[in-house]
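Subject: Structure handover

Hello,

Here is the structure I promised you. My notes follow below it.

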Amino acid sequence: MIEFRTGFGFDVHAFEPGDFAILCGIKVPHTQKLKGHSDADVGLHALTDAILGAIADGDIGSHFPPSDNKWKGAKSDQFLAHAVKLVTEKGGRLVNVDVTLVCEYPKIGPIRDEMRKSVAAILGLDISRVAVKATTSERLGFTGREEGIAAYATATVAIKSDYLDDL
């Protein structure tokens, strides 16, 4: 039997001086960059956690601890690829993903499709199974004050299971 599982992820990174931010695998020109132990790709971090949540296998910090200098400056696409590998190893398949970025700037609309293509390529999914959206926080909170970016993500996984056989 196949069962469907949904995972949810959230991440946030503050801004620091710089001239671009990495978002959903894309280098986005901006007046600041995101601060983090890795490349601080808030979108890919939230998505990695969503996938790990769907298979109940910890979180990004348990697989790639920020205390380990091995991951300093690492590209976040490898975190996401690792999560997909774990899904496959458990006999599952990623069905679709959905990422929402919360920021005033940079504006996501003009680069949304480029981000979708990037995420789809990392995941090995058709672009029709990848959603990337954005919203502002109406100038409220840390994202509204342009102090950083937050991201929410969900992932649906189909996985072989006998858990529901007795229903």
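Helices (H or I, at least four residues) and strands (E, at least two) are DSSP runs, numbered from the N terminus.

Before the rest, the ground rules. This is a predicted model: local features need pLDDT of at least 70, side-chain atom pairs count only at pLDDT 80 or more, and totals for chains, interfaces and linings use all residues. Residues are numbered from 1 along each chain as its sequence is written, and side-chain values use heavy atoms, with hydrogens and water left out.

Helix H4
H4 covers residues 112-123, twelve residues in total. From first C-alpha to last it reaches 16 Å, close to the 16 Å expected at 1.5 Å a residue. The expected span is 1.5 Å times one less than the number of residues. Met115, Arg116, Ser118, Val119, Ala120 and Leu123 of H4 are buried. Buried means under 20% relative accessible area, exposed over 50%, partly exposed in between (1.4 Å probe, protein chains only). The cover over these buried residues includes strands S2, S3, S5 (92-102) and S6 (130-135). It also includes helices H1 (42-54) and H3 (77-89). Contact here means heavy atoms within 4.5 Å.

S2 (residues 20-23) and S3 (residues 26-29) run antiparallel and are joined by four bridges. Strands pair if DSSP finds at least two bridges between them. Ala21 stands opposite Val28 in S3. Two residues lie between the strands, and Cys24 takes a positive phi near 55°. Lys27 lies over the face of Phe20, at 4.3 Å from the ring centre. The cut-off for a charge over a ring: NZ of Lys or CZ of Arg within 6 Å of the ring centre and within 35 degrees of the ring normal.

Loops
Pro106 is in the loop between S5 and H4. A cis peptide bond joins Tyr105 to Pro106, with omega about 0°. The Tyr105 ring has a charge over it as well: the charged end of Lys107, 4.8 Å from the ring centre.

Two loop residues other than glycine have positive phi. Arg139 is one, with phi near 65°. It lies in the loop between S6 and helix H5 (141-144). Arg139 is partly exposed, at 46% relative accessible area. Glu146 is another, with phi near 60°. Its loop runs between H5 and strand S7 (148-160). Glu146 is partly exposed too, at 27%.

Aromatic pairs
How many aromatic pairs does the structure hold? Five. Rings of Phe, Tyr and Trp (its six-membered ring) pair if their centres lie within 6.5 Å; planes under 30 degrees apart count as stacked, over 60 as edge-to-face and the rest as tilted.

Phe10 lies in strand S1 (residues 2-17) and Tyr152 in S7, so the pair ties together parts 142 residues apart in sequence. Phe10 is partly exposed, at 38%. Tyr152 is partly exposed, also at 38%. Another pair is Phe64 with Trp71: the ring centres are 4.7 Å apart and the planes at 85°, so this one is edge-to-face. Phe64 and Trp71 are both buried. Finally, Phe8, Phe10 and Tyr152 form one aromatic cluster.

Best wishes
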